[in-house]
Amino acid sequence: MALFCNFSIFPKPFVPSCSSQKTQFSNQNTKQDSIFRIKGPAALSGHITISGSKNSSLALLAATLCCSGSSLLHNVPNISDIQAMASILSFLGAKVESFDGKMMVNSDGVDKVEVDSEEMKKIRGGFFVIGPLLARFGEVVVALPGGCDIGKRPVDLHLRGLRALGSVVELRQVQDGKVWAHAANGKGLVGGRFRLDYPSVGATATLMMAASMADGITVLSNVAKVMIGGIPTDEPEVVDIAHFLNHSGALIEGAGTGTLVIWGKSQLYGSECVIRPDRIEVGTFMIAAAITRSCISMSPAIPSSVSCLIDKLSEAGCKISQLDQHTLRVSAVPAYVGDDLRGFGIKTSPFPGFPTDLQPQIMALLTTCTGSSLVEESVFDNRMTHARELQKLGARIQVSKSSAIVFGKDEGSSLCGSPVIARDLRGGASLILAGLAAKGTTEIHKIEHIERGYEKIDTKLQILGADIERSTPLPVLV
Ligand code: EPZ
């Protein structure tokens, strides 16, 4: 079996062998008020294994609703966002089993068109189910999604795209914060044309799933570009959805052009795939090596999915090498790269631009480099809240709207341990990285944000030699 995203069609339901013991995906026993306590500065060394991609897993789990029979996803990360998605699918009537890092979903039993709002409010990815449900049942009711509070995050492109596929969509923002949609012809979706104002990952995913089951041909333009059959050079998560749907019997074409042509099919069949390694986790650990001036390696990793970060870290002075097809090593050891890493500027943008999900982690790193650096966030309109937490750790950062000037260690930033709060997933990760570089003890509160997207990050850092522990502070008796 090729390493990632290799598929084979299961015309008939897949029955797991009795030997595979079914271990339910369990909460990473994150008590509500658990904290991470990190003693720094840390020196890391060794190798860690990267988990499967959160965002690909969420989209592919939604795509299993398009398929009859069983779909088997390998390398699914055990994180709370995936548990929320599994609950959404189970609530709808799908049979979801997880064992040995795999998830098997059979959606033949789905008999509801209203999605569980409580679980929906926990994650953004849950909203992707609107596409398959509307296509399959001709109607759907879904609450507006939750997820990281990093900006307005509207769903207008999802809804307008579904209207272009012949549905009547009503967003009852005030009444119940839900979207009510039904097929105008009372049966199902029909092929159509839609141009996305912005290459939204989520809207592309929703509309690909919906159009794959619509009657007729759909043309989607200005999507988060995909590449089919060739080397994936475009938005990795969207490449995975296209591959999965095609292997489930869909017909999606439009390699690398930014325009997708989708021939709708009345039936798709469950298939099997291996979730790609999480490129944001890869990036986070690459930055961990840089910020602690250490040398670590990691696998599996797909170098082309972090090419922008590799360029930036190399520009700063890190030595990055590919040890084999799927193993990366990052060294920022002073003996090799000299004492200082140089600051650099970033501006986030859709893939292959600099990923917005690595912006907070890079900001933490830049406080330990020399010179001042400009960080511009162009994807989300409120993704700078981690800056004030980094300031509590002694970082000197000047924020104005979605830009920030980060002053380096020779310009007033000097990281020292302090209590801080994780306000979202990637912002929380940036605090862990800063804590690893800071003198003294850093306490990170609200780590449930971090555990939405990182599988056992504390254990992996301990393997690399970090002094990080999870603890549940005793309630203060007042
Ligand atoms: C996905 O979010 C990821 N989440 C995000 O990762 C990631 O940051 C983002 O893509 C960009 O790469 C999941 O896959 C679950 P978008 P999504 O639709 O789908 C605007 C993480 O940390 N927009 O590409 O929400 C939107 O406001 C998370 O893992 C509309 O205007 O991203 C934003 O400015 C955080 N209307 C921009 O597009 C719409 O209908 C990008 O959003 C949809 C989006």
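Biologist: How far is an oxygen atom of the ligand from an N or O atom in the side chain of Arg153?

Modeller: The model is predicted: local features need pLDDT of at least 70, side-chain atom pairs count only at pLDDT 80 or more, and totals for chains, interfaces and linings use all residues. Residues are numbered from 1 along each chain as its sequence is written, and side-chain values use heavy atoms, with hydrogens and water left out. For Arg153, the distance from a side-chain N or O atom to a ligand oxygen atom is 3.0 Å.

Biologist: How far from an oxygen atom of the ligand is a polar backbone atom of Val379?

Modeller: The backbone also reaches the ligand at Val201, where an N or O atom lies 2.8 Å from a ligand oxygen atom. For a polar backbone atom of Val379, the distance to a ligand oxygen atom is 2.4 Å.

Biologist: Which residues come nearest to the ligand?

Modeller: There are 23 residues around the ligand (each with a heavy atom within 4 Å of it). Those that come nearest are Asp156, Ser200, Val201, Asp357 and Val379.

Biologist: What is the volume of the largest pocket?

Modeller: On a 1 Å grid over the protein atoms alone, a pocket is an open set of points where a 1.4 Å probe fits, with protein on both sides within 12 Å along at least five of seven lines. Its volume is the space filled by probe spheres set on the points, which are joined across faces, edges and corners. For the largest pocket this gives about 1,000 Å³.

Biologist: Which lining residues are the closest to the centre of the largest pocket?

Modeller: The lining, whose residues have an atom within 4 Å of a point, holds 46 residues. Helix 5 (156-164) and helix 6 (201-212) are among the elements that give two or more residues to it. The closest to the centre are Arg153, Val201, Gly202, Val379 and Phe380.

Biologist: Which residue in strand 22 is the bridge partner of Gln398?

Modeller: Strand 21 pairs with strand 22 (residues 403-407) in the antiparallel sense, over five bridges. In strand 22, the partner of Gln398 is Ile405.

Terms used. Helix = DSSP H or I, 4+ residues; strand = E, 2+ residues; numbered from the N terminus. Polar contact = N/O pair within 3.5 Å; in protein donor to acceptor, adjacent residues only side chain to side chain. Pairing = 2+ DSSP bridges.
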